[in-house]
Number of protein chains: 2
Amino acid sequence: MITLQDCQQRDATDALRPLRDLFSVPPGLIYLDGNSLGVMPKSAAARAAQVVSQEWGQGLIRSWNTAGWFDLPQRLGNQIAPLIGAGQNEVVVTDTTSINLYKVLSAALSIAEEDNPNRRVLVSERSNFPTDLYIAEGLCAERGYTLKLVEPEEIAAALNSDVAILMLTHVNYRTGAMHDMAAVTQAAHAAGALVVWDLAHSAGAVPVDLNGAGADFSVGCGYKYLNGGPGAPAFVWVNPRHAERFWQPLSGWWGHAAPFAFTPDYQPAPGINRYLCGTQPIVSLSLLECGLDGFKAAEALGGMAALRAKSLALTDLFIALVEERCQGFGLGLATPRAHAQRGSQVCLTREHAAGGALGSGAFAIMQALIARGVIGDYRAGDGGVHKDVLRFGLTPLYIGFEEVWNAVEHLRQVLATAEWQKPEFNQKQSVT
Amino acid sequence: MITLQDCQQRDATDALRPLRDLFSVPPGLIYLDGNSLGVMPKSAAARAAQVVSQEWGQGLIRSWNTAGWFDLPQRLGNQIAPLIGAGQNEVVVTDTTSINLYKVLSAALSIAEEDNPNRRVLVSERSNFPTDLYIAEGLCAERGYTLKLVEPEEIAAALNSDVAILMLTHVNYRTGAMHDMAAVTQAAHAAGALVVWDLAHSAGAVPVDLNGAGADFSVGCGYKYLNGGPGAPAFVWVNPRHAERFWQPLSGWWGHAAPFAFTPDYQPAPGINRYLCGTQPIVSLSLLECGLDGFKAAEALGGMAALRAKSLALTDLFIALVEERCQGFGLGLATPRAHAQRGSQVCLTREHAAGGALGSGAFAIMQALIARGVIGDYRAGDGGVHKDVLRFGLTPLYIGFEEVWNAVEHLRQVLATAEWQKPEFNQKQSVT
C-alpha cells in the first residue's frame, strides 16, 4: 500500500520540485485542471504591469518597435518550437486554436484538391475536441468534402483511397489517450492522406516531434499546459514543404509580405508568417512568454524528457491510489495504462447506474471535490460508448506527489459518504 | 489670427476637459495617434492586475463563471452598441477586425448567392484599409467573385446590377473622409446590393447609427478610439434580419448553441452569438472595458454628440492653424472641410516635389515631429492620385486645444528649419 509518507518522500527527492516555485498555486488548492487553464507564473503580474503601464501607457504606438510587439508571434513561436519538434521560424503564435485550425485545414484541403482531387473525405475521431469537428464540418460542407468520424481503433481501417486528410488531436481531451504520432502519420501518408495534428493537450505536457514524424500541419493552445493565461493566443505550425504552396484564407495585413507598404493587393509573406492575419491582443500575447519561461527553466533540469518522466510518475501514482483506495465506488479508468498511449491526465469513468436516480453522479462528484478545493473537471458522456468522465490534469511543472495523494483521499471521502449526493452539487456547468 | 491664449481659453471652458483625467497621457507628449492606438485609461493598470493576479492567479478555471469571463463578449458588445447605433444583444466583441470581416463577408456572400446568384461583383474603395481588401480579395477568389476597386466619387456609378456587396470603411484611414452612411446604404440597397461597414476609424470617434441607416453588416476595432489597449479584440454587428440566415464559416465552440454540451455536430447559437468562435484572450478583452468606461463617463457630459462637437472644433482648429502658420511649405489638406464628410483626424499631404531629392519629405517630417514628442503617423502614397500623408488623430476624450496649437507650432518649426532633412529622420517604418 502506498502511504502519504511515500508521496511526501517523492516530493522531497523530486529534482523538478523547484519549478513549482515559479508558479502561483493558490494555497489550499489542489489544482488538477492545468489541462483547461494552466496556473499563473509568478512573473506574470509584473509582466502585465510592464506591458500595460509602460509599453502601452508610456510607449504607446512606438512600442510596436521599441517593445518588440511586432516580433512577438515569431519570438514566442520560436520558444514553443523545441517543445513540439518544430524548427526555428516554423511556428507563429496568433489567434485561437479554432481559427488556426481553419487556416491549416483550408490549406490542407487546397493541397489535397490539387494533388488528389478524387479524395473527398476528411477522417477524424468521434470524440475529438468538438470545436475541431465544428471547424472541419463547416469547411467540409463549404468545399464538398465528407467528414467521417470514427473511433480510435477504426482509424487505420478508415484510411482508404477516398481520404484526403486525417485530422486528430494528439492527446484526447476526454480520455487522455495519446496517439503514436509517428506511426499514425506514417500510416496516413502511406495511404495518401495529409495529417493535421491538434496539440492542445500535448504541447508542454508530453514530448512531441512534428518534424521527426513528418507531420503536415499542426495547431495548439497557449493557455493549457503552456500556462499562457486565460485565452492566451494559440500557435500554428506548417511543414516547410507545404508552407508556401497556398494562401490560407484569412489573409490579413500581418501575413502580408510587406505589411507596411499598404498596397491594395495581397502578397503572402514567406513561410509560416503568412499564417498571421490581423492585429494580435498584445497584453495576452506577452503573458504567454511568462508561461514559456517555465520550460526554459526546466531545460537545466532535463527539459521535456524529465517533465515527461514526472508526468508518468504522477499519473501512475494517481491510478494506483484510485485502485487501492476507491474500490467499489463504480469508478473505471478511461486513460490507457500503457505509458506510450497516455498524455498527462487521468480520466475516470463512472458507471451510469452507480448514482441511481442521480445518474452516473460524475458531475456531482466533481462539484463536491471542487468544493473541497480539488479542482478537476467533468465531461459528459453521450449515453453510449463515451461515458461520463472525471478529468484530472497532472501538470509536472507544478503538481506534486503529496497533492496526488490528497486529491485521491478527497475523492475517496466524497464517494464513501453521501457528500456528492447533496443537492447543491447536482446543478451547473463548467468550461473547457 | 488664432493665438495660444485663445486655445488655452478654450481648454479652460471645455466642458469635456475633465474626461482627460481618466486617461494616462504621458507628460510632455502630444499624442495625435489615438486613431492607431488609443491612450491608456488610468483604470487599466488596476484592472490588469485584478484579471491577472486575482481572476487568473486565484480564481483559475472557476473565473469563467465567477469573474464573468464567459459573458465578456456580450457585455462589452452591449457597451459598444449605443456608440454605433446597434441594439442590445446585437454586438459581440471577439477576434480581430480582419477575422470578423471574413465572417461577415462570408455571410454576406452566402446571402447574395441565395438571393441574387447573378450578381458576382464586390465593390470597395481603392484606398480602403488594405487588410480589408486582402480579406475581400481572398474570399472573392475562393467564391468566384470579382473585387472591383473604385475611387469614392465613383461608388454611385459602380452600383450596377452586377454588384452583390458594397464594402466600405466609414472613415477613410488615409484621408479622414467620412461617407454618409445612411445615403450610401440607401443607394446600395436601391441598387440591390448589401452593405458592409468597417467602423475602425468611426466607433467612439463620430456618431454612428447602423440601425438608423439600415446597414447590413459591420465590424470595428477595439484599440483605436475605443482605447481598449494594444490589439484589443474587435467587434462585429449583424443586422438582426440577417443574423440567423447562415453560419459564418469560423464555427467554433463559443458560437455553438450549447457550447458545454460537447456534441460532435455544430448547431449555431441564436443571433449574433454565432459570430463567436474560439476562446478569447481574456486579459486583453477585459481591458477594453476600461476604455469603454470613458464613454460611460462622457454620457453625463453630452455623450457622442458632445464628443463629436469637440472633435470638429479640434480638427477645425488644426486646419485653421496649419493654414495660418504653415503656408508656403508645400502642405495640402487631404481631409474634407465639410463637417459632414470629416472623421476625427486631419491628414495633410505634401507635394512630391516639395522635398527635392528627399521626395515629399512627409515621412521625415513625421519622424522629426515624433522626435519632438508630437506623435502622429505617416502613410505612403502610391505615386499617383494618393499622395504621401501626415496623419493626425484628434481624440476628443483626451486631446485639448492648447495641444493642437503646440502640435502645429512644432510642425511649423520642423518645416521652417532644415530639421526634417536630417539623415536620422529619413529611414524607418511604423505600424498602423
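This is a predicted model: local features need pLDDT of at least 70, side-chain atom pairs count only at pLDDT 80 or more; totals for chains, interfaces and linings use all residues.
Let's start with a pair of strands: strand 12 of chain A and strand 15 (residues 389-393) of chain A run antiparallel, joined by 5 bridges.

Strands of a sheet pair through backbone hydrogen bonds, either parallel or antiparallel. Here, the strands of chain A follow the order 11-12-15-14 in an open sheet of 4 strands, with antiparallel pairing. Strand 11 (331-333) and strand 14 (377-379) of chain A each have a single partner strand, so they sit at the edges with one side left without a neighbour in the sheet. From one strand to the next, the twist averages 35°.

What lies across strand 11, strand 12 and strand 15 of chain A? That's helix 12 of chain A, which runs at about 25° to strand 12 of chain A.

Now zoom out to the domains. Chain A splits into domain 1 (4-42 + 303-425) and domain 2 (68-297). Over C-alpha atoms, the centres of domain 1 and domain 2 of chain A are 29 Å apart. The two domains do touch: domain 1 of chain A puts 29 residues into the contact and domain 2 of chain A puts in 25 residues.

On the domain 1 side, helix 12 (303-325) and strand 12 (345-350) of chain A are the elements giving two or more residues. Helix 12 of chain A gives the most, with 4 residues.

| Class | Domain 1 side, chain A |
|---|---|
| Nonpolar | 14 residues |
| Polar | 12 residues |

Conventions:
Residues are numbered from 1 along each chain as its sequence is written. Chains are lettered from A and ligands numbered from 1 in the order in which they are written. Domain bounds come from an automatic or database domain assignment. Two residues are in contact if their C-beta atoms, placed from the backbone, lie within 7 Å. Ala, Val, Leu, Ile, Met, Phe, Trp, Tyr, Cys and Pro count as nonpolar, Asp, Glu, Lys and Arg as charged, and the others, Gly among them, as polar. Two strands pair if DSSP finds at least two bridges between them. Axes are lines fitted to C-alpha atoms, for helices over the stretch in contact, and angles run from 0 to 180 degrees between N-to-C directions.
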